[in-house]
Amino acid sequence: MKTTALAATRCVAILGGSFDPVHNGHVALANYFVDLLKPDELRVIPAGNPWQKHGLQATGADRVAMVRSAFNAQKTAVCIDQQEIRRDSATYTIDTLRAVREELGPQVSIIFLMGADQLQHLNTWQEWQHMFDYAHICAASRPGFAMDAAHVPAEVNQEFTRRAGTPEQIRSTPQGLAYLAPNLAVDISATGIRAALQRGERPISLVPPGVLDYIEQHHLYKS
């Protein structure tokens, strides 16, 4: 896949999500790609009003506080970006990537991180193919997950195959490449965590300790 001739001067990895609540799966995904790509910055972007999800339970301020706690021990600099929370309209990833590219300029490698569950529905995202105009896309999947029709829509498979790049290429070029990491064995659901909390359980194996403390101190996710 041919990419722009510009050499990247910095590398910024982006992890977006509802984070309602942030959990160990989010942290594991970030840790995996921080180790693999060694970005200069991990930018975590809590969703404001994601168009495909309804009824966020925690406020933006609570989700930002939980994210800050969850990512306070990273191996790289962490920025909690609140642009989507501040946005009044529906939140689309393509708009966020455009804004980040405009902010950082043309010579920064921007890498959008996602899990396998997001990859399976990528073709339903607004202007999903144009995301590559502003960033690389790196996805981590469970062992046994394959880029085939049983797991991933054909057009997503085709785009990832056509744009496949190495970690070195992704770190050193601004945008346009794809990478699938096939061995991240994490399967955690925020929905399941909320249900456990509503039952009065303490999902200590699923949520970072500081996040669980925050949830309990602020009485979040109670029925």
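A disulfide is a pair of cysteine sulfur atoms within 2.5 Å. Keep that cut-off in mind for the first stop. The model on screen is predicted.

**Stop 1: the cysteines**

Select C11 and C138. The sulfur of C138 is 8.7 Å from the closest cysteine sulfur, which belongs to C11, so the two are too far apart for a bond. The structure holds 0 disulfides. C11 is in none, and the nearest cysteine sulfur to it is that of C138. Are these residues buried or exposed? C11 is buried, at 0% relative accessible area. C138 also counts as buried, with 0% relative accessibility.

**Stop 2: the sheet**

Show the strands. There are 6 in an open sheet, and the pairing is parallel. Read across in the order β3-β2-β1-β4-β5-β6. Which strands lie at the edges? They are β3 (77-80) and β6 (178-181), each pairing on one side only. From one strand to the next, the twist averages 25°.

Now zoom in on β5, residues 136-140. This strand runs parallel to β6, and 4 bridges join the two. Pick A140 and look across: A181 in β6 stands opposite.

**Stop 3: helix α4 over the sheet**

Select residues 93-104, helix α4. The helix lies across three strands: β1 (10-17), β2 (41-46) and β4 (108-115). Against β4, α4 runs at about 155°.

**Stop 4: the nonpolar cores**

In soluble globular proteins, nonpolar side chains tend to be buried together. Here, the largest nonpolar core has 38 residues. Which residues make the most contacts inside it? Select F33, M66 and F71. Then colour helix α1, residues 24-37: this helix gives the most to the core, with 6 residues.

A second, separate core has 25 residues. Among them are I14, I94, M114 and Y134.

Return to F71 and show its surroundings. Leaving aside residues up to four places away in sequence, F71 touches L15, V22, H26, V27, A30, L42, V44 and V78.

**Stop 5: helix α2**

Finish with residues 60-70, helix α2. Which of its residues are buried? Select G60, D62, R63, V64, M66, V67 and A70. M66 was picked out at the previous stop too, as one of the residues with the most contacts inside the largest core.

Now display what covers the buried residues of α2. The cover includes helices α1, α3 (83-86) and α9 (209-217). Strands β2 and β3 are also part of that cover.

How values were computed
Residues are numbered from 1 along each chain as its sequence is written. This is a predicted model: local features need pLDDT of at least 70, side-chain atom pairs count only at pLDDT 80 or more; totals for chains, interfaces and linings use all residues. Side-chain values use heavy atoms; hydrogens and water are left out. Buried means under 20% relative accessible area, exposed over 50%, partly exposed in between (1.4 Å probe, protein chains only). A nonpolar core is a set of buried Ala, Val, Leu, Ile, Met, Phe, Trp, Tyr and Cys residues joined through side-chain atoms within 4.5 Å. Contact means heavy atoms within 4.5 Å. Two strands pair if DSSP finds at least two bridges between them. Axes are lines fitted to C-alpha atoms, for helices over the stretch in contact, and angles run from 0 to 180 degrees between N-to-C directions.
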